[in-house]
Amino acid sequence: IHWIWPGVDYGDGSAAPKLLSPPTHVVWKHMEEQVKKGKIRSIGISNASVPVLIDLLAGCEIAPAVNQIEVHPYF
């Protein structure tokens, strides 16, 4: 999962956001299914904060192989 936070659309000015993508745990379960089917070998995430990572680890069967984070002098 490249960006762990779901896309949110506040475009209509309402107080309630509209999710543009499913929750992380739903996406992760689908990715785990692909690993079990042998279609992919490993799965990982990018840009996940510690609380998000802990939450994901609490409910997953397959732990992320990597948490890629953005690190460079301009960040």
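A salt bridge is a side-chain nitrogen of Lys or Arg within 4 Å of a carboxyl oxygen of Asp or Glu. In this predicted model, the structure holds 3 salt bridges.

One of them pairs the side chains of Lys 29 and Glu 32, with an N to O distance of 3.3 Å. Both residues belong to helix H1, which spans residues 24-36. They sit 3 residues apart, about one turn of the helix. Their surroundings were also examined. Glu 32 has a relative accessible area of 1% and is therefore buried, under the 20% cut-off. Lys 29 is partly exposed, at 30% relative accessibility.

Lys 29 also meets Glu 61 in a salt bridge, at 3.9 Å from N to O. Glu 61 lies in the loop between helix H2 (50-59) and strand S4 (67-68), whereas Lys 29 lies in helix H1, so this pair ties together parts that are 32 residues apart in sequence. Glu 61 counts as exposed because its relative accessibility is 56%, over the 50% cut-off.

A further salt bridge joins Lys 36 to Glu 61. The closest N and O atoms of this pair are 2.7 Å apart. Lys 36 lies in helix H1 and Glu 61 in the loop between H2 and S4, so the pair links parts that are 25 residues apart in sequence. Lys 36 is exposed, with 52% relative accessibility. Through shared partners, the salt bridges join Lys 29, Glu 32, Lys 36 and Glu 61 into one network.

Methods:
Residues are numbered from 1 along each chain as its sequence is written. This is a predicted model: local features need pLDDT of at least 70, side-chain atom pairs count only at pLDDT 80 or more; totals for chains, interfaces and linings use all residues. Side-chain values use heavy atoms; hydrogens and water are left out. Helices (H or I, at least four residues) and strands (E, at least two) are DSSP runs, numbered from the N terminus. Buried means under 20% relative accessible area, exposed over 50%, partly exposed in between (1.4 Å probe, protein chains only).
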